[in-house]
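Dear colleague,

Please read the notes with the coordinates open beside you.

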Amino acid sequence: MSVVKVGVTGAAGQIGYSILPMICSGQMLGADTKIDLALLDIPQCEDALRGVAMEISDSAFPLLNSLKYGSDPREILRDLDVIIFLGGFPRKAGMERKELLQRNMNIFKEQGAALNEVGKPTTLCLVVANPANTNCLVLSHHAPNIPKKNFTAMTRLDHNRASFQIANKVGALTIDVKNVAIWGNHSSTQYPDVNHGTVRGGAIRPAVNDDEWLNGEFISCVQKRGAAIIAARKLSSAMSAAKAAVDHVRDWFLGTKEGEWVSMGVISDGSYGIDAGLCYSFPCTCVNKEWHIVQGLDINEFSRDKMNLTKQELTEERDEAFSA
């Protein structure tokens, strides 16, 4: 039985509390993989982190091989195979986006520097903390010893949300929906695209038979789903974000299914006219722990406009983060 070293930052938070049982029970890497678990949080959260570690121990997960936790990134992030970056500064009422970017840039600059010292060239890094795409770009910039291809941002939550909306619209199950795509930023400018997807084996557009809904309410619903959950719960998405992070890592680490793709924020290589070096969400397939942008998809004018809009926002975020 293999052993994989998994790290989670911000592990004492809401998403951490949801994701850790999924990781330890095999939902992420399979029932034949043991886990060496390393949990990181800030010094102010060490008491809460200790309590989380106690609960993990008390759960007696058969796949949990070892457990360590603390607030020193150079100790906790050392020699890991996979790291899920949940920890970031949350946006507060009245906070300007530029201030949020600056605060998170400082966090991911420090963690990137630590990762650059103690990480491995094979370490796979998933950034969940918002603004995820730009945080991912900052992290990769400050960890040059690790290849850019090893850094991804999570848009799988948006991908899952889009799949559910289509399934619900036609009375299918989410497992019946394949190859929706999220282009761009994990924000309200993202573009959920169904033009190449299927439901129950047939094309989504004729199955839904409502272009007005697909081009309007559907897109808006996926874009604003996080805000709707905050309005209802008074807290941001946690359980669904944890599930999406598990889905993302599982497919990246173990590979996507034949003929299917998933949505991942990755460092662009210039595909589809997206500036190289920008962290942008594309439809991707994964083989041997490497992602590959799906090529050759036809992009109509409606889609191109949406893709350019979210590209512009990401460009502005990048410029603000690195100029601040």
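Predicted model: local features only at pLDDT ≥ 70, side-chain atom pairs only at ≥ 80, totals over all residues.

Because W183 belongs to strand β8 (residues 181–183) while Y272 sits in the loop between β12 (262–267) and β13 (279–287), the contact ties together parts that are 89 residues apart in sequence. W183 and Y272 also form one aromatic cluster together with Y280 and F282, and the aromatic pairs come to 6 in total.

Another edge-to-face pair is made by Y191 and F302, whose ring centres are 6.2 Å apart with the planes at 70°. Y191 lies in strand β9 (residues 191–193) and F302 in helix α12 (residues 301–323), so that this pair ties together parts 111 residues apart in sequence. Y191 is buried, with a relative accessible area of 1%, whereas F302 is partly exposed at 32%.

Strand β9 gives the most to its lining, with 3 residues, and the lining residues divide into 7 nonpolar, 2 polar and 2 charged.

The second largest cavity, with about 30 Å³ of space, is lined by N133, T134, L137, L278, C279, L314 and R318. Helix α5 (132–141) and α12 each give two or more residues to this lining, and the largest share, 3 residues, comes from α5. Since domain 1 (3–153) and domain 2 (155–323) both contribute lining residues, the second largest cavity lies between them.

Finally, the cysteines: how many disulfides does a search of the whole structure find? The search finds 0. C279, which is buried with a relative accessible area of 2%, has its sulfur 4.0 Å from the closest cysteine sulfur, in C136, and that is too far for a bond, because a disulfide requires the sulfur atoms to be within 2.5 Å. For C45, which is partly exposed at 26%, the closest cysteine sulfur is in C24, at 19 Å, again too far for a bond.

With best wishes

How values were computed
Residues numbered from 1 in each chain as written. Heavy atoms only, no water. Buried < 20%, exposed > 50% of the residue type's maximum accessible area, 1.4 Å probe, protein only. Phe/Tyr/Trp six-rings, centres within 6.5 Å; stacked < 30°, edge-to-face > 60°. Helix = DSSP H or I, 4+ residues; strand = E, 2+ residues; numbered from the N terminus. Nonpolar A, V, L, I, M, F, W, Y, C, P; charged D, E, K, R; others polar. 1 Å grid on protein atoms, 1.4 Å probe; cavity = no way out; pocket = protein on both sides within 12 Å on 5 of 7 lines; lining within 4 Å. Points joined across faces, edges and corners; volume = space filled by probe spheres on them. Domains from an automatic or database assignment.
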